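Here is a short briefing on one protein structure. Please look at the chain as a whole, then follow the points by topic.

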Amino acid sequence: MEVPAPSASMAASPLPPPDPQFVLRGTQSAVHALHFFGGAQGQGRPLLLSGSLSGLVHIWSLHTRRAVATLDGHGGQCVTWLQTLPQGHQLLSQGRDLKLSLWDLAEGRNAVVDSVALESMGFCRSSVLAGAQERWMLAVPGRGSDEVQILEMPSKTSVCTLKPEADAKPGMPMCLELWQADSSPRPLLLAGYEDGSVALWDVSERKVCSRVACHTEPVMGFDFDSQKARGVSGSAEKALAVWSLDEQQALQVCRTHELTNPGIADVKIRPDRKILATAGWDHRIRVFHWRTMKPLAVLSFHSATVHCVAFAADGLLAAGSGDQRISIWSLYPTHSNMSAPLLSHAEGREVGAHAVA
């Protein structure tokens, strides 16, 4: 039977709004941290780790869409950060109980094998620099309200304390990212601060290489693309800032992107560096083209603040919210040319999604 051509009115009708691929329920409190574990190099679907306000870490199977294990290591205090280490099945979890726990997850074990006592009760998430070697580096909020402490792990040896220069008053560090440039083995630290600035530290020299004012409110989250030497940050205000790092290690703001509503809790660039996602205080997830910052989608599934977002190696996006739910999205497969538009729930109109270069 011949299918009739669509009428002009049908052709002009908007596409149905994108929905989550599925939703994970059962955390029984707000979700404040997410991290995908495994699933790279054809290993099948990754596991998803979530940290909750009640102090629990849930390990989710994306096959069964159920929690396969629950870790209780933070005395009922909010879990703010999760990270796995490349060597073996080891997990780091940071809680508001002033403790960073190291878990052994190998062969079904769920045991805390070590912990680091933290000296700051702030909101700052820690950061890890780890490769194949046994030793790795950890950046944590320091004893002084404006300090960052660098530890060598697993020995917990203090490498240094990074304290802002005497005339700088950036306030508390809010987010951290340790990294190494391809051209040098020297560890570097990007830190977002309470005054809205982002600073680049040379850890070995214990000095600030560069600092740039990105926001007028505290930096709530950022991510850095080391291949493009470009980062993006969000704050309590109504704008994202995109900034770059030149060969002289000088930071500069490239552009800002105005948002409809204030408050970005988290920002993540997808591993293929094609798109990025933000977690909004306005309950929405926003998706942008990373190279152009063109808005691609606004997703308004959640009924409370979206606290965190995370991407898997295969491109899946997870978002955790104060509504105690975790939404899983497959918006643009990593092999997609992103030619199809998505509908913005918030604005009720199509948002163009152009091919990613």
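In this predicted model, 4 strands make up an open sheet in the order β2-β3-β4-β5, and their pairing is antiparallel. The edges of this sheet are β2 (31-37) and β5 (66-72), each of which pairs on one side only. Neighbouring strands here are turned by 20° against each other on average, direction ignored.

Because this is a predicted model, local features need pLDDT of at least 70 and side-chain atom pairs count only at pLDDT 80 or more, while totals for chains, interfaces and linings use all residues. Residues are numbered from 1 along each chain as its sequence is written, and side-chain values use heavy atoms, with hydrogens and water left out.

**Terms for strands and sheets**

- Strands (E, at least two residues) and helices (H or I, at least four residues) are DSSP runs, numbered from the N terminus.
- Two strands pair if DSSP finds at least two bridges between them.

- Strand β3 (residues 47-52) pairs with β2 in the antiparallel sense, over 6 bridges.
- Phe37 has Leu47 as its bridge partner in β3.

**The sheet β10-β11-β12-β13**

- Another open sheet holds 4 strands in the order β10-β11-β12-β13, with antiparallel pairing.
- Its edge strands are β10 (127-129) and β13 (157-162), and each pairs on one side only.
- In this sheet, neighbouring strands are turned by 20° against each other on average, direction ignored.
- Strand β12 (residues 148-153) and β13 run antiparallel and are joined by 5 bridges.
- Val148 has Leu162 as its bridge partner in β13.

**The chain as a whole**

- The protein chain contains 1 helix and 30 strands.
- The chain has 357 residues, and 53% of them count as buried.
- Buried means under 20% relative accessible area, exposed means over 50%, and partly exposed lies in between (1.4 Å probe, protein chains only).
- The accessible surface of the protein chain is about 15,800 Å², and 50% of this belongs to carbon and sulfur atoms.
- Accessible areas come from the Shrake-Rupley method with a 1.4 Å probe, and for residues only the protein chains shown count as cover.
- Among contacts (heavy atoms within 4.5 Å) with a separation of 6 or more, 44% are between residues 24 or more positions apart.

**Ser101 and Val112**

- Ser101 lies in strand β8 (residues 99-104), and Ser101 is buried, with a relative accessible area of 0%.
- Leaving out residues up to four places away in sequence, Ser101 touches Gly73, His74, Leu91, Leu92, Ser93, Val112, Asp114 and Ser115.
- Val112 lies in strand β9 (residues 111-117), and Val112 counts as partly exposed at 41% relative accessibility.
- With residues up to four places away in sequence again not counted, Val112 touches Ser101, Leu102 and Trp103.
- Val112 and Ser93 are 19 residues apart in sequence, and their C-alpha atoms are 9.9 Å apart in space.

**Salt bridges**

- The whole structure has 18 salt bridges, where a salt bridge is a side-chain nitrogen of Lys or Arg within 4 Å of a carboxyl oxygen of Asp or Glu.
- Asp104, Glu107 and Arg109 are linked in a network of salt bridges.
- In the bridge between Asp104 and Arg109, the closest N and O atoms are 2.7 Å apart.
- In the bridge between Arg109 and Glu107, the closest N and O atoms are 3.3 Å apart.
- Asp104 is buried at 18% relative accessible area, Arg109 is partly exposed at 38%, and Glu107 is exposed at 76%.
- Lys268 forms a salt bridge with Asp266, with the closest N and O atoms 3.1 Å apart.
- Asp266 is buried, with a relative accessible area of 3%, whereas Lys268 is partly exposed at 26%.

**Record annotation**

- Over residues 299-331, the chain is 0% helix and 52% strand, and the end C-alpha atoms are 10 Å apart.

Methods. Axes fitted to C-alpha atoms, helices over the stretch in contact; angles between N-to-C directions.
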